[in-house]
Amino acid sequence: LVYRHDPETFKILQGIYEQYKHEKRPFGAYREEHGPIRKYAKNGKGPIVRSLKYLEDRLGSHVDVTDKYDTDDKRVVILQIRTYRTDFYRNPDGSIKFITIRYADMNPADDESFYIEEDLYESKKREKKIDEHAEFIASFNLNEVIELVNKEKDGIKRERYRFFGTKDDRTNKIKVKSLEEKDNKSPDRETIGRKTQDVIKYTVSPIGEMKKVENENLKLRV
């Protein structure tokens, strides 16, 4: 924004960066030697630059909830979006795809259940290029056991994790945690892509025995 609205100050910032770009924090290095950075003024005593604002022309992962508010000229979106569950599909060409169901997508059906509108669900499938003839594999909620079957250079690799949710829909990343790790800190990222051959769901009995889930049915009401 300073480039657009205050080009003289931008030149000052650009010059400082060029002079100190070898430093990890160029502006901080300048301030330590010369004092605070100031906006352009003829007398050299312009206001101190304490922060910079940026234009972002692309909105990232979000849920549009404008229809829930009384507004005509503004969009209302949720940026911090909690995952309710993640649904996995196998396209006819064998590729594995997933869609994310957020808490914001769910509507109350009654005092005890919720549902997701079928039109919204189908639009999510189209957005993620899931074929109308794709096979539904399974839905994964927090802490359920997921096995990822990936094709590696040295063969097929199978690993089981605790499922933590979607990390990024755009880049097809999910959050998982090793079964051996008990805490919930810093989940790992796994990409569902070309190397993904299969996704398998397991249930765990009270005594720790795992059983493969087969023929799970898709549920739009829970």
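Me: What makes β3 and β4 a pair?

Reply: In this predicted model, strand β3 (residues 83-90) and β4 share seven bridges in the antiparallel sense. Pairing requires at least two bridges, so these strands count as paired. Within this pairing, Thr-83 stands opposite Arg-102 in β4.

Me: Why is β4 called an edge strand?

Reply: The open sheet has three strands in the order β4-β3-β7, with antiparallel pairing. Both β4 (96-102) and β7 (135-140) pair on one side only, and these are the edge strands. On average, neighbouring strands of this sheet are turned by 25° against each other, direction ignored.

Me: Which helix packs on the sheet?

Reply: Helix α4 (residues 118-127) does, touching β3 and β4. The direction of α4 makes about 140° with that of β4.

Me: Why is Asp-6 called buried?

Reply: Buried means under 20% relative accessible area; Asp-6 has 18%, and therefore counts as buried. Asp-6 lies in the loop between α1 (2-5) and α2 (7-20). Beyond residues up to four places away in sequence, Asp-6 touches Leu-1 and Lys-39.

Me: Which residues have the most contacts inside the largest nonpolar core?

Reply: They are Phe-88, Ile-146 and Ile-174, in a core of 14 residues. The largest share, three residues, comes from β7. Another core, of nine residues, lies apart from this one and includes Tyr-89, Ile-99, Tyr-121 and Phe-136.

Definitions and conventions: Residues numbered from 1 in each chain as written. Predicted model: local features only at pLDDT ≥ 70, side-chain atom pairs only at ≥ 80, totals over all residues. Heavy atoms only, no water. Helix = DSSP H or I, 4+ residues; strand = E, 2+ residues; numbered from the N terminus. Buried < 20%, exposed > 50% of the residue type's maximum accessible area, 1.4 Å probe, protein only. Contact = heavy atoms within 4.5 Å. Axes fitted to C-alpha atoms, helices over the stretch in contact; angles between N-to-C directions. Core = buried A, V, L, I, M, F, W, Y, C linked by side-chain atoms within 4.5 Å.
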